[in-house]
Amino acid sequence: MPTWIKICGTTSVEDAVASVAAGADALGFIFAPSPRRISAQHARDIAAQLPDKIERVGVFMNESAEVIRSTVDHVGLTAVQLHGAETPEFIAGLFARRHHGHRIKVIKTILADESFATALALFRRHRECLDSILIDSGAGSGKTFDWHKIQDQAGADSLHFILAGGLNPENVGAAMQKFSPWGVDVVSGVELAPGRKDPEKLNAFVAAVRKAEQQ
């Protein structure tokens, strides 16, 4: 199965089109504090231009369930990425009463720090409430973490692991060789400046992912 590729921090139709053309499976819209933060209306305008097959992921941090649900509906998101201290109980209730006939995927971010093992164990016990775990070095840091420290803990199981944190066209192949992730997530590694994508880097990143899959 091909590695799932998410291009995050989308802020314009131009960048969205370039990401899709490069081969992205999903685009991320940041609604948490960030230089790449956009409004729900802006994200809705961009999402309306996307092919149906492209997943639309909203990134939130310690936001209320009401705001998350409202944003999902307004933008037409297909998934949410929770980047804060959200608990399994919060996640389980987030879309429990949805009535629109479609299921919203949930990605939970876990930081690769001293609390990683505890957080991972917690969400492994409550894996029914989410679809994927995203491993990151920090909110918008654009830096890699020490891959060796968590390599053994993030082994293959029924959870889908998405690798993030400072990935770029030059290092994503090595990261994939070490972790064999279900998916990868990139922001700053494919940018000209915060919130502005570089089409050449987008193409190079996707090409590097596909090359690594063959090795």
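This is a predicted model: local features need pLDDT of at least 70, side-chain atom pairs count only at pLDDT 80 or more; totals for chains, interfaces and linings use all residues.
Close-up 1. The rings of Phe31 and Phe60 form a stacked aromatic pair, with 5.3 Å from centre to centre and 25° between the planes. Because Phe31 sits in the loop between strand S2 (26-30) and helix H2 (40-47) while Phe60 belongs to strand S3 (residues 55-60), the pair ties together parts that are 29 residues apart in sequence.

**Close-up 2. The stacked pair of Trp4 and Trp182.** The count of aromatic pairs comes to two, and one of them joins Trp4 to Trp182 in a stacked arrangement, 5.2 Å centre to centre with 25° between the planes. Trp4 lies in strand S1 (residues 4-7), whereas Trp182 is found in the loop between helix H7 (172-179) and strand S8 (183-186), so this contact ties together parts that are 178 residues apart in sequence. Trp4 is buried, with a relative accessible area of 7%.

**Close-up 3. The closed barrel of eight strands.** The strands follow one another in the order S1-S2-S3-S4-S5-S6-S7-S8 and pair in parallel, forming a closed barrel. On average, and with direction ignored, neighbouring strands of this sheet are turned by 25° against each other.

**Close-up 4. The pairing of strands S4 and S5.** Strand S4 (residues 79-82) and strand S5 (residues 105-111) run parallel and are joined by four bridges.

How values were computed:
Residues are numbered from 1 along each chain as its sequence is written. Side-chain values use heavy atoms; hydrogens and water are left out. Rings of Phe, Tyr and Trp (its six-membered ring) pair if their centres lie within 6.5 Å; planes under 30 degrees apart count as stacked, over 60 as edge-to-face and the rest as tilted. Helices (H or I, at least four residues) and strands (E, at least two) are DSSP runs, numbered from the N terminus. Buried means under 20% relative accessible area, exposed over 50%, partly exposed in between (1.4 Å probe, protein chains only). Two strands pair if DSSP finds at least two bridges between them. Axes are lines fitted to C-alpha atoms, for helices over the stretch in contact, and angles run from 0 to 180 degrees between N-to-C directions.
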